[in-house]
2 protein chains.
Amino acid sequence: MPPPPRRATIRDVAREAGVSRGTVSRVLNGERYVSDQAREAIERAMKVVGYVPNTAARNLALRRSRAVGFVVHEPHALFLEDPNIGAILLGANTVLSEADHQMVTIVVDSDRDNERVARYLGGGFVDGAVMVSARQRDPMLQALQAMSLPTALVGRPPAGVEVPWVGIDNRGAARAVTEQLVRSGRERVGIIAVGLDRDSGADRLQGFRDALGPSFDEGLVVERPLYEYAAGRDAMQELLVREPALDGVFATSDAVAAGALEALLAAGRSVPGDVSLVGFDDSTWARRCQPALTTVRQPARELGERAAALVLDLLAGKDVTADPAGTLLPTDVVVRDSS
Amino acid sequence: MPPPPRRATIRDVAREAGVSRGTVSRVLNGERYVSDQAREAIERAMKVVGYVPNTAARNLALRRSRAVGFVVHEPHALFLEDPNIGAILLGANTVLSEADHQMVTIVVDSDRDNERVARYLGGGFVDGAVMVSARQRDPMLQALQAMSLPTALVGRPPAGVEVPWVGIDNRGAARAVTEQLVRSGRERVGIIAVGLDRDSGADRLQGFRDALGPSFDEGLVVERPLYEYAAGRDAMQELLVREPALDGVFATSDAVAAGALEALLAAGRSVPGDVSLVGFDDSTWARRCQPALTTVRQPARELGERAAALVLDLLAGKDVTADPAGTLLPTDVVVRDSS
């Protein structure tokens, strides 16, 4: 491969300024014993040749890049639709920016990505990482731990992995929103359960069980792998086949609930007349659906802020271990017209 | 600030393996004259102490990071809602991933971000950059040019800036979708024009003028700064005040059109009975609106793929200059129920 377009070097600056390379180095390093005249000539020359000091080289000597990775482990299509990831990302970016750290976002999709991303994260380009959507036995999480990169998770880590984290009480929130259905007198209540390979998905199903108690019916649990509109539509059709007398549904994300709503209306059911429907996330889906969705608001932006702050604490050598190692942020049930 | 948790070094590997640091170096550099026994001990030791070779250091010697920045210059809120940026990002990521380059996404929001991001991009952390949403007199674009970082744009660059780019024919696409309105007999047609400080926004307004010809009415142009649902709703209310007999609207994004639809229905207008409405983007908004929106489909994913390929070409030293320097990808008008 031929070389890329050449970046200006100290040599170029020295030639343009008519001084030695040593003099340029002394100016760059802020040393004394350089005449004002030479200093001005060098500063002028840097602009002319477009010289930018190589921060990576300097930071390398200090073992610091002042960059933090934001690692999103999501199938690509979901990265586009997930209403929380963007807000988590922006929250983390704000906190890191205020601490003058550059956040770089990295999407991990395929196994091939896994290897390359691990090489990158371990290669000195970043000082630490925020990771979202870790799965059980996540190879990226294992890689991060093996290289001792200061890392914080959004969401509870898999069992046995000790890493600081911040998340929400998915189980409690799911119980609270399901209780909305129970309190309004609904008796045949189903769930569209998604992402059971992650803490969030499994906990939401558990919270649903908690709320229903003895009236929980395994037959009214339909599982889907991804939080997608189409998954909600299809799963709702399946639920209606299993139980035509269904009168309540907990769709475990708003996008899934929006799909379920389409299926309910297409099947001639009124919402909330015949069937009450509740979602999760309080995303734009919830507000734009007709009827607007009862749902759970999660503090996505604050999750990102807190996880970034944890990484900065780790980088500052602070002790962030606690018992438990994670922090749960509160959620709210937002009651609208669908229940 | 105390030092961050220490990364394992060659010294740790040497101690664990019971060999000299020079021997470890020789193994890492793939040199001969190392016994199989020592080599195996060293490989075992690397695993034990969690040693990861410092790629940044090695790449620095080669002046290559094998990383490419994906720079999004958007207000944060828009980054969450823009349906195209995610697809452009994923397209670029796929192409860079296949070429074994790590894409790192960087959001530029404030002026403070500008400075830090310029430092990062010029600091040797990335070999090149894809930039989206450049504005007129964009300080980030100027910084990228000053440092001669191989860069490709998504969208046409501001006048006078020579940089390879890939985009869509916003003017032609806007003309085509507006002609839908004219052909169906609409006579009092307004536009919600957004982002006129960017090529896309200004070109869409120009295409709208092209389609209307002499019946273009400056009084039916309402401007807003950002492509937002709320902006569409408010601008639509303003248009109806200006011209109660309005019978056609070009909302220059689907999110804006969705907001406009809410305002039209709230004002007692039927769509498309009283007022025909067309959007732009073919995002989920277009498909979920009732009625579904007539709109323009843009090849967002391919825009990202092509821009990433341009950067790889630049890095490979290929001549990508052409006349014109940019490539326009085709768009389609998608006719649905709103017009």
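Student: What makes B:Phe250 and B:Phe280 buried or exposed?

Tutor: Both B:Phe250 and B:Phe280 are buried. Buried means under 20% relative accessible area, exposed means over 50%, and partly exposed is in between, with a 1.4 Å probe and protein chains only. This is a predicted model, where local features need pLDDT of at least 70, side-chain atom pairs count only at pLDDT 80 or more, and totals for chains, interfaces and linings use all residues. Residues are numbered from 1 along each chain as its sequence is written, chains are lettered from A and ligands numbered from 1 in the order in which they are written, and side-chain values use heavy atoms, leaving out hydrogens and water.

Student: How many aromatic pairs does a search of the whole structure find?

Tutor: The count over all chains is 10. One of them joins B:Phe250 and B:Phe280.

Student: Why is the pair of B:Phe250 and B:Phe280 called tilted?

Tutor: Rings of Phe, Tyr and Trp (its six-membered ring) pair if their centres lie within 6.5 Å; planes under 30 degrees apart are stacked, over 60 edge-to-face, and the rest tilted. Here the centres are 6.4 Å apart and the planes 40 degrees, so the pair counts, and as tilted.

Student: And what does the pair tie together?

Tutor: B:Phe250 sits in strand β8 and B:Phe280 in the loop between β9 and α13, so parts 30 residues apart in sequence get tied together. Helices (H or I, at least four residues) and strands (E, at least two) are DSSP runs, numbered from the N terminus.

Student: How do you know that A:Arg204 has no salt bridge?

Tutor: A salt bridge needs a side-chain nitrogen of Lys or Arg within 4 Å of a carboxyl oxygen of Asp or Glu. For buried A:Arg204, the nearest side chain of opposite charge, A:Asp281, is 4.6 Å away. Lys and Arg count as positive, Asp and Glu as negative, while His and the chain ends aren't counted. A:Arg204 itself lies in helix α10 of chain A.

Student: What makes A:Arg288 lie over the face of B:Tyr229?

Tutor: NZ of Lys or CZ of Arg must be within 6 Å of the ring centre and within 35 degrees of the ring normal. A:Arg288 is at 3.4 Å from the ring centre of B:Tyr229. Likewise, B:Arg288 lies over the face of A:Tyr229, at 3.4 Å.

Student: Why does A:Thr321 count as exposed?

Tutor: Its relative accessibility is 64%, and the cut-off is over 50%, so A:Thr321 counts as exposed. You'll find A:Thr321 in the loop between α14 and β11 of chain A.
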